[in-house]
Amino acid sequence: MNPYYKAFLKLVNEENKDEAMLYVQSLLKEKKIELYELYDFFLRPVLNEFECTFEDEEICIWKEHVRTSIVRTILESTYPYLIEAKKSVQKNNQKVVVVCPSEEFHEVGAIIVTNYFSLAGFDAQYIGANTPKNDIISAVKALKPDYLALSVTNYYNLVVTKQITEQVKGLYPNVKIIVGGNAFNKPGALDHLVYDYHLTHKEDIFKLGGNH
């Protein structure tokens, strides 16, 4: 295990938000890690590898929420580093709107994906979690993106995802639809779904943007 991640994981396990945030800030400031390393090797693992040792499910739920809150705070506090990184990125003149459909509250992955789109040269805008279908359609109409990216973690939200993709394609056939998230790892999840790209890694985003 990377010693930096090990120290970070300890702080998160102790639910020490302040020290976890300051530690990450120091790693970035001292150039011990890059921004993509923070996303890929710190924030995503600390969420995906969470194992609750308590038998009480309610305790596990709020502990997971605390952990998510820590990660979100770190994402927000390190945004200035993203702004700085984007200055050296070659723009591809393509716009992408990233959104989580209604009842989808797992948004940290979507925020990280939005940041990766920005680093890949896209004009990327994150709309939010738990976004009703009509609001998504309205955003597509107003923002006129080249791509609509739907982030779905909960398998049960694929029903509304299918409705969204069909309506978007019906109204705006030129908008390319991107799907991603743990929900699509289930066998058959992509069957009968209207979409153009299924992205699973950040390399897929950079390839799509033309920045390999």
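Ala, Val, Leu, Ile, Met, Phe, Trp, Tyr, Cys and Pro count here as nonpolar, Asp, Glu, Lys and Arg as charged, and the others, Gly among them, as polar. The model is predicted, with local features needing pLDDT of at least 70 and side-chain atom pairs pLDDT 80 or more, while totals for chains, interfaces and linings use all residues. Residues are numbered from 1 along each chain as its sequence is written, and side-chain values use heavy atoms, leaving out hydrogens and water.

Let's start with the largest pocket, which holds about 1,100 Å³ of space. Its lining has 40 residues, and Asn48, His106, Gly109, Thr153 and Asn182 are the closest to its centre. A pocket is an open set of points on a 1 Å grid over the protein atoms alone where a 1.4 Å probe fits, with protein on both sides within 12 Å along at least five of seven lines; lining residues have an atom within 4 Å of a point. Points are joined across faces, edges and corners, and the volume is the space filled by probe spheres set on them.

Which helix gives the most to this lining of the largest pocket? It is α6, with seven residues. Elements that each supply at least two include α3 (35–48), β3 (147–151) and β4 (176–180); helices (H or I, at least four residues) and strands (E, at least two) are DSSP runs, numbered from the N terminus. By class, the lining of the largest pocket has 15 nonpolar, 17 polar and eight charged residues.

Now for the second largest pocket, with a volume of about 350 Å³. Among its 13 lining residues, Glu34, Leu35, Tyr81, Glu84 and Ala85 are the closest to the centre. Here α5 provides the largest share, three residues, and α2 (17–29) and α3 each supply at least two. This second lining divides into nine nonpolar, no polar and four charged residues.
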